[in-house]
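Good morning, and thank you for the time on the agenda. I would like to take you through one structure.

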Amino acid sequence: MVGKKNYRGFTGKNPVFINSDTYLGIKLLPPSKVKITRIKSRDVVLKIRALQDGKPVNNARAYLYLSEKDIKGMPYLYSEPSDNKGQIKISGILPNRYFILLRKKKNLSPLGPISDGDLIGFYSGRYLDLKEGMQYSLDIHMFVKAQDDITKPLDIKEGFIIRGRALDEKDTPIQGVYAFLYTRKEMGHERPVSISAKTGKDGIFELIVPRTGVYYLGVREFYGGTPVQGELYGTYDLTYDHHIKVFSNITGISIRVRRILR
């Protein structure tokens, strides 16, 4: 609660590690209040108003997911763009429990990962249970996606360096992905030892390794959890299980990155 008003926020970093020196910036937004009215048909109707700083957002789309784990992948369904009043209406929905997001990409594409400067919003009640014969009306507040501020988890300043490049199958550099180093081969389910900055147009990444040892090296588009459908992902492939032995600086590594298709 801020003053006399309630706000809610979400962090896209999963898991989140907190210590005495941690700063965690979370965008706080007004909660989504839902008005439920009975309608004469057995239809399910969802009406959403997209807002940013209290003003309507046009060309935003609503995305419905059946599971939180799918939110970075393909939606169960998505809407037509919002109108000049920020209004979105979806009918003919099957009764179910849905996780609801709003997105507005700068290129107005309905699919694909969001980029810096795109708008995003979440239904603040986590999920909405939609039942037949009902209309659900709610506001969802959107905000600008800022550049990811991922710091090295161990605040590493000294150590060995792993330097490489993320490439696609045609050897073209991949921009906008991160390199990760783990102590276990089940990458994505534990705290990484080191994280690179986001790659630029040259696809180059650099990791700082705190000590000698055997590690597991991968490159992916998002941070935290199991890689999802549509995500750019690749692993070090010069060993059978993607491990890399670090006893000195390593340079000249190439990692092939592909989109996950299921």
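Predicted model: local features only at pLDDT ≥ 70, side-chain atom pairs only at ≥ 80, totals over all residues.

The protein contains zero helices and 21 strands. It has 262 residues, and 40% of them count as buried. Its accessible surface comes to about 15300 Å², with 48% of that area belonging to carbon and sulfur atoms. As for the contacts, if we take those between residues at least 6 apart in sequence, 70% join residues at least 24 apart.

Let me now turn to strand β9, which covers residues 96-104. Which strands pair with β9? One of its partners is strand β6, residues 61-65, and the two run antiparallel, joined by five bridges. Within that pairing, Arg61 has Arg103 of β9 as its bridge partner. A further partner is strand β10, residues 119-122, which pairs with β9 in the antiparallel sense over four bridges. Arg97 finds its bridge partner in β11, namely Asp129.

The charged end of Arg97 sits over the ring of Tyr127, at 4.5 Å from the ring centre. Likewise, the charged end of Arg103 sits over the ring of Tyr63, where the distance to the centre is 4.9 Å. Arg103, for its part, is the bridge partner of Arg61 and has its charged end over Tyr63.

That brings me to the pairs between aromatic rings. A search of the whole structure finds six of them. In one, the ring centres of Tyr178 and Phe180 are 6.2 Å apart and the planes meet at 65°; since an angle over 60 degrees counts as edge-to-face, that is the class of this pair. Both Tyr178 and Phe180 are buried. Phe180 also pairs with Tyr182, with 6.3 Å from centre to centre and 20° between the planes, and this pair is stacked. Tyr182 is buried, as is Phe180. Through these ring pairs, Tyr178, Phe180 and Tyr182 are linked into a cluster.

Is Gly164 buried or exposed? Its relative accessibility is 7%, and because the limit for buried is under 20%, Gly164 counts as buried. Which residues does Gly164 touch, leaving aside its neighbours within four places in sequence? They are Gly203, Ile204, Phe205 and Ile253. I would also note Ala179, which is 15 residues from Gly164 in sequence and 9.1 Å from it in space, C-alpha to C-alpha.

The other position is Arg220, located in strand β17, residues 213-220. With a relative accessible area of 5%, Arg220 is buried. What does the side chain of Arg220 contact? It makes a polar contact with the side chain of Glu231, at 2.7 Å.

Thank you for your attention; I am glad to take questions.

Technical notes: Residues numbered from 1 in each chain as written. Heavy atoms only, no water. Phe/Tyr/Trp six-rings, centres within 6.5 Å; stacked < 30°, edge-to-face > 60°. Buried < 20%, exposed > 50% of the residue type's maximum accessible area, 1.4 Å probe, protein only. Lys NZ or Arg CZ within 6 Å of the ring centre and 35° of its normal. Pairing = 2+ DSSP bridges. Contact = heavy atoms within 4.5 Å. Areas by Shrake-Rupley, 256 points an atom, 1.4 Å probe, with all protein chains shown as cover. Polar contact = N/O pair within 3.5 Å; in protein donor to acceptor, adjacent residues only side chain to side chain.
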